[in-house]
Number of protein chains: 2
Amino acid sequence: MNSPPKRRLIILTEGKLDIHSAKTAVSVIRYCRNEVVAVIDRFNAGKNLEAIIGVGKGIPIFSKVKETLHLNPDSLLIGIAPMGGALPDTWRAHIRESLQNKLNIISGLHTYIGDDLEFAQLAAENRLHIYDVRKPPENIPVGTGKAKEVKAFRLLTVGTDCNIGKMVTSIEITNAAKKRNIDACFVATGQTGILIEGSGIAVDHVISDFISGAAEKLILDRAQYKFLNVEGQGTVVHPAYSGVSLGLLHGTLPQGLIICHQPVRKTLRHFEKFPILPIPHIIELYERLAQPFQPCKVLGVSLNCYGMSDSEAMREIEKAERETKLPATDPIKFGVDKFLEVIQPLLP
Amino acid sequence: MNSPPKRRLIILTEGKLDIHSAKTAVSVIRYCRNEVVAVIDRFNAGKNLEAIIGVGKGIPIFSKVKETLHLNPDSLLIGIAPMGGALPDTWRAHIRESLQNKLNIISGLHTYIGDDLEFAQLAAENRLHIYDVRKPPENIPVGTGKAKEVKAFRLLTVGTDCNIGKMVTSIEITNAAKKRNIDACFVATGQTGILIEGSGIAVDHVISDFISGAAEKLILDRAQYKFLNVEGQGTVVHPAYSGVSLGLLHGTLPQGLIICHQPVRKTLRHFEKFPILPIPHIIELYERLAQPFQPCKVLGVSLNCYGMSDSEAMREIEKAERETKLPATDPIKFGVDKFLEVIQPLLP
């Protein structure tokens, strides 16, 4: 859990540079202590990054790794997470060029870059490191329910869909708590979270019998904190990822949940045949699944109002508060003080 | 999905020879078309197998593999599934002796026997096969919800705990349906089921992002059947295995569920701090989790009344029927005709 050395990153986004697809790029630029010196994206080279993704003022976009070398980068970060995680062939040239030019590789893909013979050999020849963020530690145990015995207040973000604001909400709450001098920790469970925090386990990439065990290990390893903010994954009614969501819940055994939702989204992302369920329905399901083992309540609603005006967002927030009788906010637009007011009295 | 050749098995149980721990041995003896010629268990050598586990009349128990060779076995089956699946050191001698005496190895452990350098080398030298049943096929896709479009009636067994009768219930319903000339198929999702059926995927051993995808692949590959009986796993309120249970549900997208329960069990097996929830509570949870994607109801209650007299079992069955308003039975004691009466009108 020691922080890794501070890096100078270039981020590969290659045609997926928009606020939804480039989640990793956006979040690393927004939250990571490493410096992002350039973005590689031949479809957007020369354009204004901040105008496209809302963050990254002044960071240039180039077509090729070679064009960034005058900025002294030390690592290439593969900054997009395609469905399923496989490595597109077109990116191989960028990875090769990076290794040939003495850049380390950081990847959150399902396919391990370090297992690729060509890249492993290039890295070895150039004494470079390939950091496959999703690779789980050895010997993750089976879950036992022991997270319950940890004194820390465990807050897990859940949601009505994937990729809807759970990581951002957990980070914003952690940062707001730290500002109040609360001994808080962000617990990363996905590749982007791990890149930002410098530690964590990608629970979607462990053998399925060990999902809860991985989450439990994250909690037990951080038992000294007062307030653990566990990054949620997926949702419990999902045709692909519900297993990960539920295993994470039962490994964490949280006392509190924050539910994340995007008002404009009507169907599951990438699964358009499946509707997003109403927030109260998902709240009830999560509470019923959690409560047999541990008293647990949803404590607030985190709305992702990206693209709305502040007054439109306020209307959605008021609507969510009426529907759920819970405090609601958009963490990016209006901060998370409302959540802290509810959570702080519950901390040990 | 072609059936493997018929084998002559010896089963290693090594001190775990009781009805609960030797689930694989019991079920392989009961249901598998391969012949079991002996059991290896130095703690029970010379004893009467049927008296210990209720099946296997006349099958001898020996201490060592060598003592079984006059019975012409061709494979050693590792017949117990310890928690977490790791390979106990004491079993290595039996595996070594088997390979040295020209026996193939069949294992359902998490630890792949074929990845062990010593065993892999011994197998290669002796032209033997090590069949790690839990090893998933390559390239399992992410779940998409496509199982819903398959015409077959998909019946999934669920339960109030692990190791409570889901596989047995699915097999008994399949066999009873076949007797009625229904085009039924048992869909194995765990190591014992795969050993019995000769095909399947151990869904607890795929990368967690692909649990639903694995279940969905099993369904799509068997779309030609009218009645698919999918072997359930775990339960949705469990400190270790809930993720696997829910992923299996959303990959299968069943129209019907049978809930399995053991009346004498009051706490989760191996997790004594956690109570077994009432059957109606688990029924409601499963239906709420399934129904957003696919109309789905629990259709019956399968009780595991092992160790009870028939009249005690009947009292439990009547109690379950009163509590749930559903047909209940113990498949081993009283068969599954009650379930077939309900299911048959629902088949395509």
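Predicted model: local features only at pLDDT ≥ 70, side-chain atom pairs only at ≥ 80, totals over all residues.
**Figure 1. Lys325(A) is exposed, with 7 other C-beta atoms within 10 Å.** Residues are numbered from 1 along each chain as its sequence is written, and chains are lettered from A and ligands numbered from 1 in the order in which they are written. Lys325(A) sits in the loop between helix H10 (310-324) and strand E14 (328-329) of chain A. Helices (H or I, at least four residues) and strands (E, at least two) are DSSP runs, numbered from the N terminus. Its phi is positive, near 60 degrees, in a residue other than glycine.

**Figure 2. Arg127(A) also has a positive phi, about 50 degrees, and is not a glycine.** Most residues other than glycine have a negative phi. Arg127(A) belongs to the loop between helix H4 (117-125) and strand E6 (130-132) of chain A. Arg127(A) is exposed, with 8 other C-beta atoms within 10 Å.

**Figure 3. Six strands of chain B form an open, parallel sheet in the order E3-E2-E1-E4-E5-E6.** Strands E3 (61-62) and E6 (130-132) of chain B are the edges, each pairing on one side only. Pairing requires at least two bridges found by DSSP. Strand E2 (residues 35-40) of chain B pairs with E3(B) over two bridges. Ile40(B) stands opposite Phe62(B) in E3(B).

How values were computed: Buried ≥ 20, exposed ≤ 12 C-beta atoms within 10 Å, placed from the backbone.
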